[in-house]
Amino acid sequence: KNFYNLFRFQPYTYGPFSFDLARQMERLVFWDKIKIDENNQVEVINYDDFEESDEEMSGKIKDDIDAFMDMLDSGLSFSTLELIGTVMYCVDVLKKQEIPITIENVTEEFRGWKGNKYLDHNISEAFEKVKRTLPHLFE
């Protein structure tokens, strides 16, 4: 199981959303494990609290988060986050359905969520960034 399969996502106002993940984040805030500022930036308050967790999984999650942040070279704009996040979600959906993860299949799945909101070349650029930066999502 990887991080992306731990939470159930569903269609929502701006795309895939996980109430499970939101509740987990609220729990972590409540127990003072993390804090979320007014810009929705997450900060771990005490890393020692997380040392008892599975080190390998924690390392993979940290590596994925670092890689994800590196992917956002054009900044934290809503459209960049939406493109990258939706492509990642579409890859996961195709993988679960055992459908080949090709740019054509991802674009088709993406269009099912976002319609024609983004041009094909925007989806393709996001797809290539995700594939290059997080190749294990395609395994």
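Predicted model: local features only at pLDDT ≥ 70, side-chain atom pairs only at ≥ 80, totals over all residues.

Colleague: Where is D70 found, and how many residues apart in sequence are D70 and K129?

Modeller: D70 lies in helix α2. D70 and K129 are 59 residues apart in sequence, and their C-alpha atoms are 9.8 Å apart in space.

Colleague: How are two packed helices described?

Modeller: One gives the angle between their axes and the distance between those axes. Here, the axes of helix α4 (residues 103-114) and helix α5 (residues 120-133) come within 10 Å and cross at roughly 120°. α4 is therefore oblique to α5. The crossing of α4 and α5 is right-handed.

Colleague: Which residues make the contact of α4 with α5?

Modeller: From α4 come I103, V106, T107, F110 and R111, and from α5 come D120, I123, S124 and F127. Five residues of this contact are nonpolar, two are polar and two are charged.

Colleague: Which residues touch the most other members of the largest nonpolar core?

Modeller: As a general idea, nonpolar side chains tend to be buried together in soluble globular proteins. In this model, the largest nonpolar core has 21 residues, and V87, V106 and V130 touch the most other members. At least two residues of this core come from each of α2 (55-71), α3 (78-96), α4 and α5. α3 gives the most, with seven residues.

Colleague: What does V130 touch, leaving out residues up to four places away in sequence?

Modeller: V130 touches M71, I84, V87, M88, P135, L137 and F138.

Note on methods. Residues numbered from 1 in each chain as written. Heavy atoms only, no water. Axes fitted to C-alpha atoms, helices over the stretch in contact; angles between N-to-C directions. Helix = DSSP H or I, 4+ residues; strand = E, 2+ residues; numbered from the N terminus. Parallel < 35°, antiparallel > 145°, perpendicular 65-115°, else oblique. Left-handed = near helix turned anticlockwise from the far one by under 90°. Contact = heavy atoms within 4.5 Å. Nonpolar A, V, L, I, M, F, W, Y, C, P; charged D, E, K, R; others polar. Core = buried A, V, L, I, M, F, W, Y, C linked by side-chain atoms within 4.5 Å. Buried < 20%, exposed > 50% of the residue type's maximum accessible area, 1.4 Å probe, protein only.
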